[in-house]
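Biologist: I would like to learn how to read the features of a model like this one, step by step. Could we look at it together and take one feature at a time?

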Amino acid sequence: MVIDRQLLRFVRDFSSYRIRLYGNGYLRRDPVSLIQLRTGIEDPYPLYERIRAKGRMVRTAMNGMVTVDHRISDQILRSRSYSAATKEAKEAGLSLLSMDPPDHTRLREVIAGDFTARRIADYRPLIASVVAKLIKDLPRDEPFDLISTFAAPLPVAVITELFGIPDADADEFVRHGTEFGSAIGGIQSLAHARRLLATRERLAEILDKVIQQRRREPVDDMMSRIANADGQVRSDELMPLCTLLLIAGFQTTVNLIGNTVLALLSNPGQRELLADHPDLAGQAVEECLRYDAPVQRSARLTTTAVEIGGTQVPAGETIVIGIGGANRDPAVFADADNFDITRPNAKDHLSFSGGAHYCIGAPLARLEATEAVREIMTAAPDLRIAGPLERQPGGLVRGLRRFPVAAA
Ligand code: HEM
């Protein structure tokens with residue numbers, strides 16, 4: 001019954017949103033609409049330049065404003081004067097991502113300690129052994145999909161460990177987690193919505209089992225801290241927090257690995273440089289974060305009337321921050337459209353956001369991607385694209401769904 005009501009609401013909202021999106025994109029040529037449609041999913045970067053040419057703060061046909069100006073984006077993300085509780089983020093139930101202080105601070109504190117560089121370094125042996133196994137098993141005499149064969153299994157193994165999922169539930173957890181993670185790119189159809197609702201129920205059951213177990217026998221891990229943070233995590237906040245961590249862990253790092261390998265295969269000079277200096281892998285990953293960010297945009301809400309970049313913006317206005325466009329701002333990055341793994345200021349990208357919502361998983365994502373990229377480019381020096389690429393839908397998450405390659 002509840003599911004039916006949710007489905008009906010979804011169909012109504014989804015249909016009217018898509019109609020507006022198509023109308024504004026294809027008829028009015030609104031760049032913010034187009035970045036969510038096929039044109040932008042394939043290549044959003046010319047659209048960001050169209051926005052940049054219009055100004056530092058631009059009104060969009062989809063309500064609200066957009067910026068691809070690096071300085072303004074950085075300022076908004078770092079400022080405490082804007083709210084993260086946009087209508088879309090709240091409706092999606094994105095836990096921390098849609099919360100403001102003091103609730104945001106209270107909840108983030110519960111997990112912050114589990115993501116420090118020191119804690120994350122504990123995952124190094126697991127990451128190294130998973131990467132080594134994946135490399136050993138790479139098909140040598142036939143093409144394969146780099147995403148499902150190599151880029152996805154690593155973050156999936158790490159997040160399963162982080163959540164303390166018992167081996168008996170691991171396969172099901174991975175299957176449902178992958179399905180659920182696909183929601184971040186937007187719900188694609190009624191059948192997709194129906195699958196997601198069923199998946200959410202089953203994931204909640206698996207997570208609840210771990211939570212109950214950690215309440216009975218707490219150990220020194222993240223789930224024990226979440227499960228036993230009485231007074232700091234309300235019961236209705238528990239599942240959304242776990243779900244956010246799950247989606248973030250499943251859906252983003254895989255694209256960082258895929259996008260970095262794609263950028264290297266598309267830029268033979270940079271690939272040779274990395275082959276000669278494998279210790280540049282970390283910089284290749286950092287430059288990929290700038291050049292082809294796995295999360296392309298964020299949004300904030302003005303809480304009072306403000307002047308931003310010379311534009312008056314009223315209170316309650318949504319501002320879309322085009323992270324992928326800000327990362328190519330020529331005022332900050334020289335030859336911004338070039339992929340250059342020796343770029344001195346690649347780290348100034350906004351791909352992990354900034355301020356209070358700065359990505360908590362950034363050290364983990366960097367560690368996993370660096371290890372994966374260094375090892376695959378060393379082990380498969382002749383890696384090449386071996387078929388048509390298929391992109392993730394939606395355009396918010398930028399990455400490949402299918403990436404056919406051959407290792408020899
Ligand atoms: C390449 C990989 C990743 C990228 C590009 C990425 C990107 C982002 C971005 C852009 C935000 C902030 C959005 C905003 O300000 O509105 C964010 C927040 C967050 N990320 Fe990541 N992320 C990645 C990996 C991860 C991983 C591996 C985890 C955890 C396992 C994670 C957990 C989180 C959490 C919990 C937040 C919310 C923080 C808050 O609101 O306080 N992320 N991430």
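Predicted model: local features only at pLDDT ≥ 70, side-chain atom pairs only at ≥ 80, totals over all residues.

Biologist: Where does α12 bend, and by about how much?

Modeller: A bend is read as the angle between axes fitted to the seven residues ending at a position and the seven starting there. In α12 the bend is about 30° and it falls at F173.

Biologist: Which residues of α12 are buried, and what covers them?

Modeller: The buried residues of the helix are D169, A170, F173, H176, G177, F180 and G181. The elements that cover them include α11 (153-162), α13 (190-216) and α15 (235-251).

Biologist: What does F173 touch, leaving out residues up to four places away in sequence?

Modeller: F173 touches I159, T160, F163, I165, L203, I206, L207, L246 and F250.

Biologist: How many residues does the largest nonpolar core have, and which have the most contacts inside it?

Modeller: The general idea is that in soluble globular proteins nonpolar side chains tend to be buried together. Here the largest nonpolar core has 83 residues, and those with the most contacts inside it are I111, F150, F163, F173 and L383. Helix α20 gives the most to this core, with nine residues. Another core lies apart from it and has 14 residues, including M57, M65, I72 and V313.

Biologist: Which protein atom is the donor of the iron atom of the ligand, and where does its residue lie?

Modeller: The only protein donor is the SG atom of C359, at 2.3 Å from the iron atom. C359 lies in the loop between α19 (323-326) and α20 (362-379).

Biologist: Is D292 buried or exposed, and which residues is it in contact with?

Modeller: The cut-off for buried is under 20% relative accessible area, and D292, at 6%, therefore counts as buried. Leaving aside neighbours within four places in sequence, D292 is in contact with Y45, N259 and R398, while its own position is in the loop between α18 (281-291) and β5 (298-302).

Biologist: How many salt bridges are there, and which residue forms one with R52?

Modeller: A pair counts when a side-chain nitrogen of Lys or Arg is within 4 Å of a carboxyl oxygen of Asp or Glu, and by this rule there are 26 salt bridges. R52 forms one with E49, the closest N and O atoms being 2.9 Å apart, and both residues lie in helix α4 (residues 45-54), three residues apart, about one turn of the helix. R52 is buried, with a relative accessible area of 18%, whereas E49, at 30%, counts as partly exposed.

Biologist: Which strands hold E390 and R401, and how many residues apart in sequence are the parts that this pair ties together?

Modeller: The side chains of E390 and R401 meet in a salt bridge of 3.2 Å, N to O. Because E390 lies in strand β10 (residues 390-391) and R401 in strand β11 (residues 400-402), the pair ties together parts that are 11 residues apart in sequence. Salt bridges that share partners also join D103, R106, R234, D236 and E237 into one network.

Note on methods: Residues numbered from 1 in each chain as written. Heavy atoms only, no water. Donors = N, O, S within 2.8 Å, 3.2 Å for Na, K, Ca; no water. Helix = DSSP H or I, 4+ residues; strand = E, 2+ residues; numbered from the N terminus. Core = buried A, V, L, I, M, F, W, Y, C linked by side-chain atoms within 4.5 Å. Buried < 20%, exposed > 50% of the residue type's maximum accessible area, 1.4 Å probe, protein only. Contact = heavy atoms within 4.5 Å.
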